[in-house]
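Dear colleague,

Please find below the structure I promised to hand over. I would be grateful if you could look through it alongside the notes that follow.

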Amino acid sequence: MGWTGSALPGLDGTDAARLEALPVLVLPRGARVFAPGERAQGFAVVLSGRIEVSLTGPSGREILLYAVEPGQSCIQTTLGLLGDEPYSGEAEAVAETRVVMIPAALFHGLMARSDAFRGFVFRAMAVRMNDMTQLLERVAFTRVEARLAQALLDTAQGGAVEATHAELAARIGSAREVVSRRLEALAKRGLVATDRGRVVLRDRAALVRLAQVV
């Protein structure tokens, strides 16, 4: 069974064969996938790895909008293909990523004739829109300390987070200076220990409680 069997169940055999014939692209970590102002050339299906999509404001402040992992979709690409709008954000592979790029013409053909493909695209789009709504709610209504604590808990591996203050700020929709001050305060309380590009979680239970404060 090829990748379409798991990613696009129910697809017609002829359409599945067309997709299976497309090359698998390997993106190295750090590869740029798209940038603001560019137009979508195709619909990417992520087979492995992770692509992060972020938005940078006029002030230079950056926010992580969402990540695209296997089985997920990029709403900016979907909207770009359906509405012929340029990208407003930028995307980068944060790990080695294997993708299949469905050309725009084939994407539109599948959308027109395949119930299975159309259902996949719209279901994935609905899930991503829900994610975006939750992000908006967190940024608008949740305290910075709570968002930071949750981000540390979500991204920690082996009890530590390998990330700069700027990267953490982008993840929670805040400014680097604010994150630096909050991390310093958490360190004084004994919840974390900080080093260059690294945050060690010292009191996970306390961070869990902090993440629940709205």
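Predicted model: local features only at pLDDT ≥ 70, side-chain atom pairs only at ≥ 80, totals over all residues.

Aromatic pairs

The count of aromatic pairs comes to five. One of them joins Phe-34 and Tyr-87, whose rings are stacked, with 3.7 Å from centre to centre and 5° between the planes. Phe-34 belongs to strand E2 (residues 32-34), while Tyr-87 sits in the loop between helix H3 (75-83) and strand E6 (90-93), so this pair ties together parts that are 53 residues apart in sequence. Both Phe-34 and Tyr-87 are buried.

Phe-43 and Phe-120 form an edge-to-face pair, at 6.4 Å centre to centre and with 85° between the planes. Because Phe-43 lies in strand E3 (residues 42-48) and Phe-120 in helix H5 (residues 115-141), the pair links parts that are 77 residues apart in sequence. Phe-43 and Phe-120 are likewise buried. These two residues also belong to one aromatic cluster, together with Phe-107 and Phe-117.

Packing of H3 and H5

Helices H3 and H5 pack at an angle of about 125°, and their axes are 10 Å apart. H3 is therefore oblique to H5. The crossing of the two helices is left-handed. On the H3 side, the contact is made by Ile-75, Thr-78, Leu-79 and Leu-82, and H5 contributes Val-121, Phe-122, Met-125, Arg-128 and Met-129. Of the residues in this contact, seven are nonpolar, one is polar and one is charged.

With kind regards

Terms used: Residues numbered from 1 in each chain as written. Heavy atoms only, no water. Phe/Tyr/Trp six-rings, centres within 6.5 Å; stacked < 30°, edge-to-face > 60°. Helix = DSSP H or I, 4+ residues; strand = E, 2+ residues; numbered from the N terminus. Buried < 20%, exposed > 50% of the residue type's maximum accessible area, 1.4 Å probe, protein only. Axes fitted to C-alpha atoms, helices over the stretch in contact; angles between N-to-C directions. Parallel < 35°, antiparallel > 145°, perpendicular 65-115°, else oblique. Left-handed = near helix turned anticlockwise from the far one by under 90°. Contact = heavy atoms within 4.5 Å. Nonpolar A, V, L, I, M, F, W, Y, C, P; charged D, E, K, R; others polar.
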